[in-house]
Each structure stands twice: as C-alpha cells, then as structure tokens.
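Please read this short report alongside the sequence and the model. It goes from whole chains to single residues.

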Amino acid sequence: MENALRITKFKSYITLGIFSSVIIYLIIVSPGFLRFDNLMNVIVSATFVAIPAMGLGTIMLSGSFDLSFVGIIGVVSVTSIRMVHAEIPIPVVLITALAIALGFELANAFLIIKLKIHPWLTTISTMLAALGLEKAISKAYFLTTSHSFFQTIRFESFLGVPLPVWILGLSFLLMYLLVHKTAFGMHLYAVGGNEVAARKAGLKVERLRFSSFAAMGVCIWIVSLVYLSQLSGYTPEAAYTNLNEVILSVFFGMSISRKNVITIPGAVVGALFVALLANGLALSGVSSYWIKLIEGCLVIVVVITNAMGSGEIVQLEK
Amino acid sequence: MNESLLNMKGITKRFPGILALDSVDFDVPKGEIRAIVGKNGAGKSTLIKILTGIYTPDSGSVEIEGKHFSHITPDVMYSEGIQAIYQENDLVSYFTVGESIMLNNESRGTVRAFIDRRDMNEKAHQLLLGKIGIDIDPRKLIRDLSVSEKQLVQIAKALVREPKIMIFDEPTAPLSAKEIDKLFEIIRGLRSHGITIIYISHRFEEIFEIADSITIMRDGKKIVDLNLKETNEDEIISHMTGGNMQVASRSEGEKRRVSDEITLEVENLESERVNKISFSLYKGEVLGLFGAEGAGQVELVRAFYGLLPKRGKIKLNGKETHIRKPTDAIRKGIGYVPRDRKEESLVRTFTLAENVTLSHLNAFSPGGFVNKKSELEMADQMIKDLAISTRSAKTVVSFLSGGNQQKVAIARWLAFPLKILILDYPTMGVDVQAKLEIYRLLKKISSEGTSIIIITPEYEEIKMLCDRVMILKDGQHRATLDVKDIDEDILLKHAIGSSGSVVS
C-alpha cells in the first residue's frame, strides 16, 4: 500500500514529465516552434479537440460517455452550410445549428438515462446514424463558403489574438466556471462519484445527467462553427478524424489532476499537448504517417499511469 | 415527550414471491432512541427503505409531525428531515470533507452563481468541532480518512439539514471500542437536541446501553414495542423467534451417526474479521456455520479456501497442509460454492455442461482439446443424479431457475471425489421445492463420506441438515453445539446475546 500511495502522489508528475520532455525535445529540434504565430496556430488547431473534450469531460465526470459527438458535429456543419447556401440569415442558421446539436445530445441522454441503454452502445449507434445522415446530406462533397461571418472568424484578430483562440478561451472560461465554481458542477461530480449518495443527498440525479449532455450539445455547436470557419466550409467527416484525440485529452487531463478526476483545465491542457505534439513532430520533419503511432504510444503511457494512480494494479495484487 | 413524531400505519410491501412487510404499524415519539431488531428477512431494512423513500409501500400511510405523505420519494423524505447513516459509506471518495458535508447545501459567494469553498470549509469544520467534537481538516479528501472518520463526516453531513429523524444502520460494526463510546456520546447528544434516533443493530449490549425502547420484527410483521427498562434479552429473543418452532433435527429423523474419523482440523485461523478460530470436521459430517450478518463466517471459509490472506494451521486427514490459493484447495479435494451464484460461481454465458466441468477442465481435455463428448456425458450424468430440470446439457445456464443454477454450481464439485464441500447459503432465493431437493442432495453427498460446511442464517436449515453448528460473533468462535440439543433461542443467544464466553 505504501508503494501505491507513493505512485498516486507522483503519477501526475510522471505523465507531465514524459510530455514535457517530449515538448522540450521538440523545441530544441524544430526551429520556429516557439514563435508567436506558430503557437497561435497550435492553439487554433487545439480548438477542434479542446472544445468537444470539455463537453465529453463533463459527461464523463457525471458518470456517462459519448462517442456520437463527431457525427453530430458533421450533421450540424453540413446543415449549416446548406442553409448558408440557401441564403438563410445567419442568426436563423445559428439557432437551427444549436437546436440540432442539443436535439441529438438530448436523444442520447434519453436513451441512456431513461431507457438505461449502455452509453457506449447508445452513442456508437447515434454516431453511426449521425455520420450516415451527414453523408446523406453532403453526398460526401466538400461544400465551401465565403460568407463574411465565417471569414471574419477565420481571419480577424482581436488585440492581436486570432478569434478562434478567443472562442476557445471564452468557452474554457464558461465551462470552467460552470463545472468547478458552481454548485451545479459540484453536483455533477457527486452524481458521477457516487450516484446513490447523490440521490440520498436529495440531488436531482436524472436532471443533472441530462444537463451534462446538454453542455456537450453547446460545445458541439461552438466547435462546428470553428470547423466551418477554419476549413472555409464543410469537409466530410472532419470531426471524426479527431475522435481519438478528444478522448485522449480527457484522460490525459485526468492523469495530471491531483485527485485523479476529470477536470476542464485538464481536458484543455490535454488538447493543447496533443496539438503541440502533432505540430512539433511535423515541424521537426517527422512524417505524418508516424505521428499517430507516437500519439498512440503516449496514450498507453497515460493509461498505465492512470491505472497505477487509481490503485487498480495494487488491488489485484492484494 | 409522548407526541408521536413519526407515525407509520398499515405499511405493506410485496416483492415477487415475498410479503416483505405485512401491515406494519410503527411510531416513535420525539427525542427517543428506538432500536429495531429482527432476524434476517424480518423486514427491518425494507421498513427503513420505505422511511427513506427508496421503496414505495403498496399500502399504508406515513405521517411525520401529523403531516400526511402519500407520495414518498427520497427527495421528499430528505427534505422532511429523515437522514440515514448506512454502513456502506455514502460519500464521494474524491470529494473533500467540506464538499461532502455541504453537498446540496453549498455556501454562495458574492456572485450568487458561484460557490464559496472557503465558507463551506469553515462551516463544515465548525460543525465537526462543535456538534461532533472532532477536528478534521475540511480540505482532506474522503479517501484519506479512516472508517470512523468517514462515519463522523456522514453524521455531520446529515446534521447540516437539521434532521428530525436519524437512522443508524449497524453503525458500530467497523468501529473500535473507543470509537463506539464516542459515537454513543454523539448519539446521546443528538437525542438531547430533540432528534429522534432509529437504531438498527443485532448487538444486544449496545442496544441496552444506548436505546430507550425496542421494536421487534419477525416475518415482515411488527411483533411488539418494548421499553428497554422493563425487558431483558431472553424476552426479546423469544419475540424474535416466536417461541419454539417444531423442526425435527436430522439426527433424530435419520438415527444417523457420524463417523469419528476427523477429516479436517483448523487451528487458530486468523484473517480479516476472523479471530483465532479453531474447529474440526468429521468425515461425512454436515457442520453449520451461523452468526449475524458480518460475524466473520464468510471470511472464515474464504480464508480457509485461499481467497483471503490468513495465518493458522490446517490439518487434512491428520497431515498439515497449506492452502494458499483456490487451486491448492481444489487439488486436495475441497470445493466451494459461493453465495452469489451469478457473480462468483457460474459463468452465465456458458452452457450447463461447460459450467459443470469448469474446475476440472484439464481432466476432460486430453491433449489440450476439450473432449465435448465426455463433457456432455458427465453433465448428463449430473442432470440425472441431481434431478436438474433443463432441456439439455447444452442449455445456457442463465436460462435455468435459481434452484437449478445452484444445483449446477454444486454439480461442478461432484465430478471427482471430494473430501470437503463448503457452501455459502446455497438456498438463498430458491423456492421451497428446490430447497428440499438441495437438502436431499447434500444429505446424500454427506452420507457418502464427504464432509460439508454450510453457512446459513436459517434456523430450520441448520436443524434439518446439520449435525453440529458452529456459532460466530464478531469474528470469534462462540460455541459449537450438537444440533439435536438446540432450539432457535439458544442459537440466537449465542450469536447476538451479550452473555456467553468465547471458545478458545
């Protein structure tokens, strides 16, 4: 047990240590890595991962799971772009997009919470359905737009910082306050940590769990707009390629947290690490074919340190 | 003092196949400590679950301070000030002490939407210090606390809501003597603040020390309320058992004589909850293992079987042996049927035949491949011998009834010669017919020379099946008695009574 405690205490340093040494190595070998505009590029590309990771983290810390968000982002994006092409005013497009995102996530929540279907089964199915719907609407075509709304987000800066970085910063601030500073956030943790205890403390468990899915719906809505802006339109299954990175970010954040729990800052730091890694590896001339392999090996490191921290390995030996 | 705070009338709760509560009336005055006792399945926990809103009664009414409640949910009962402190702790392990105590009662900061953790910690600390008299840092994580500290945090958490009724469910089980004294001091303090206490326990010493009155339940009915100053252990026990039940013991019925050849001797076995227990087991004997829930009987057999770390000496047929893991035990001809057949005993997705051969699969696998034909032959034999009702040996085991699943779990051990069979409450949740068949089967196995150790909380089962019964209390060996000499009162007196010495 002594050993286990020592590992728990230091495991956050282990993960951070491994990742920082990788980053330091990249700083040394790749020129230009630390330049302001490169770092801004990194943060912009981290936005695609960080925003859904905050939503997923919220769902996971309240005891559930979601895979379907990648498909929902696709549906929201392609529908929005079709509406923009049909010259529907932007406010209407935005409201419809939000409604679609919330609708899908509340459907997930209904299946998982009310019908008690396993979250993996539920959201794999809704992911497939959403990806199918995305493809049916887009016919797998790239759909571009040069609408000023999206152009502004992509190219404008405020105080020298690109707008997508502001979007990430504001979303982070909102989610951070919501999850870590309000009673609502604390109740979400209680539901995920001990549902029976939460129920007995008089918390409205179902409503709380529904809300965590709604939070994900809002994250999906925001990130869809970033996708549409940054890619100047709709790219088929763009979000789907980031699925693993989102999940990785959440777990990464968990493994660096002191209490070994999922946190919003943790998820964002995780996303930034993944983005820095991909960027640094590319800059230092590593072929893009190898980047996934390296990322995958790092996931394994994260999972192992996590298992040590939660005492699972130790319990087996007892 | 005599105004009734809680008044439950005609509470009935039915579960499939069981009448858990049969028109129970239960009322407690304000500021009283009321103990509830009853045997396993008497209805204590169902009553508490109705009171805390976890179950909804089929009929009956609940009144608190004269206010009638028809729709009972955990929310309603919680806000009415009914708080339960359970044995298994109701805390989130990665919350701090302050967060746990103030959960759903958070302090608000200057911006009303946000919580003020510093204020929460201060309030929690004051509560712990002032009302409970213990100094715990509110920033500590729950998972870093001792069992007793966790319990005190739970009490503090309950006190935040200024409860009218607090329920303690076997609160002293994990505590040391000193911690128990402290807890009783706290409970008395609560009473002096006008809080009504419902105290569930099977430890008579404690009940007489802490409670004012006692409610005795049996078979889903409330038998009587007694003032503890005007009663004694014997009276309570006879209410719990309902007088002497006429059950013929096995030795009387069969005129049987167990051989005096000793199969197993255990000396000073120590493990988690097991305190230096020694016993012996004769060839072909059925030894019952009885005690209140958590008295150490399950840990005793698990330690013996190599599932828990242990110290002590084990002699099998006079020869000292070491059992470090279940495979050691199996190799020496010892089988174990755990209580939870779904989780620990059977592989639900396997067929009947596959479950029967699981522990001895090597014997059915010459050359490394399982010989399905001989596996099926063995299973068919077992189906016939044990009268398992199934369509075939290839039926997936989860489609069988509970009683038949239990037979399959037993059959696993009968494929090869067996010296000792250990069973943990094998008739739990099976119907009467299957129960009798399991008895018949166990009698047959034992008369063929296999010794049996059976954990059971049922007096009738001990009387009908066992030759001797070993009684444990708090991990200690209280008595081993010849079953033909006992009645239920004697059994309970040893298992939960305060008198009586420890067998060493």
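## Terms and source

Helices (H or I, at least four residues) and strands (E, at least two) are DSSP runs, numbered from the N terminus. This is a predicted model, in which local features need pLDDT of at least 70, side-chain atom pairs count only at pLDDT 80 or more, and totals for chains, interfaces and linings use all residues. Residues are numbered from 1 along each chain as its sequence is written, while chains are lettered from A and ligands numbered from 1 in the order in which they are written.

## Chain A overall

Chain A holds 14 helices and 4 strands. Its radius of gyration is 20 Å, close to the 20 Å that the globule rule gives for 318 residues, so chain A is as compact as a globular protein of that length. The radius is taken over C-alpha atoms, and the rule is 2.2 Å times the number of residues to the power 0.38. The C-alpha atoms fill a box of roughly 65 × 55 × 35 Å along the principal axes.

Of the 318 residues of chain A, 46% are buried. Buried means that 20 or more other C-beta atoms lie within 10 Å of the residue's own; exposed means 12 or fewer, and partly exposed is in between, with C-beta atoms placed from the backbone. Two residues are in contact if their C-beta atoms, placed from the backbone, lie within 7 Å. Among chain A contacts between residues at least 6 apart in sequence, 76% join residues at least 24 apart.

## Chain B overall

Chain B has 18 helices and 20 strands. Its radius of gyration is 26 Å, close to the 23 Å from the globule rule for 504 residues, so chain B is as compact as a globular protein of that length. The C-alpha trace spans about 75 × 55 × 45 Å along its principal axes.

Of the 504 residues of chain B, 45% count as buried. Among its contacts between residues at least 6 apart in sequence, 67% join residues at least 24 apart.

## Where the chains meet

The interface pairs 18 residues of chain B with 19 residues of chain A. On the chain B side, helix α2 (residues 74-79) gives the most, with 4 residues. That side divides into 11 nonpolar, 3 polar and 4 charged residues. Here Ala, Val, Leu, Ile, Met, Phe, Trp, Tyr, Cys and Pro count as nonpolar, Asp, Glu, Lys and Arg as charged, and the others, Gly among them, as polar.

## The nonpolar core

A nonpolar core is a set of buried Ala, Val, Leu, Ile, Met, Phe, Trp, Tyr and Cys residues joined through C-beta atoms within 7 Å. The largest one has 227 residues; among those touching the most other members are A:Ile220 and B:Ala156. Helix α10 (residues 205-230) of chain A supplies the largest share, 16 residues.

Leaving aside neighbours within four places in sequence, the contacts of A:Ile220 include A:Pro52, A:Phe69, A:Ile73 and A:Ala101.

Helix α8 (residues 233-241) of chain B buries B:Ile236, B:Ile237 and B:Met240. Seen down the axis, these fall within an arc of 95°, so they line one face of the helix. The arc is that of the directions from the helix axis to the C-beta atoms. Their cover includes β3 (33-38), β9 (213-218) and α18 (488-496) of chain B. In α18(B), 7 of the 9 residues are buried, so this helix is largely enclosed by the rest of the structure. Among them are B:Glu488, B:Lys493 and B:His494.

Strands pair if DSSP finds at least two bridges between them. β3(B) and β9(B) run parallel, joined by 5 bridges. β9(B) and β10 (residues 221-227) of chain B run antiparallel, joined by 6 bridges. B:Thr215 stands opposite B:Asp225 in β10(B).

## Positive phi values

B:Asp219, in the turn of the hairpin formed by β9(B) and β10(B), has a positive phi of about 50°. B:Arg273 has a phi near 65°. B:Arg273 sits in the loop between β11 (262-271) and β12 (274-282) of chain B, and counts as buried with 21 C-beta neighbours inside 10 Å. A:Glu237 has a phi near 50°, and counts as partly exposed with 17 C-beta neighbours inside 10 Å.
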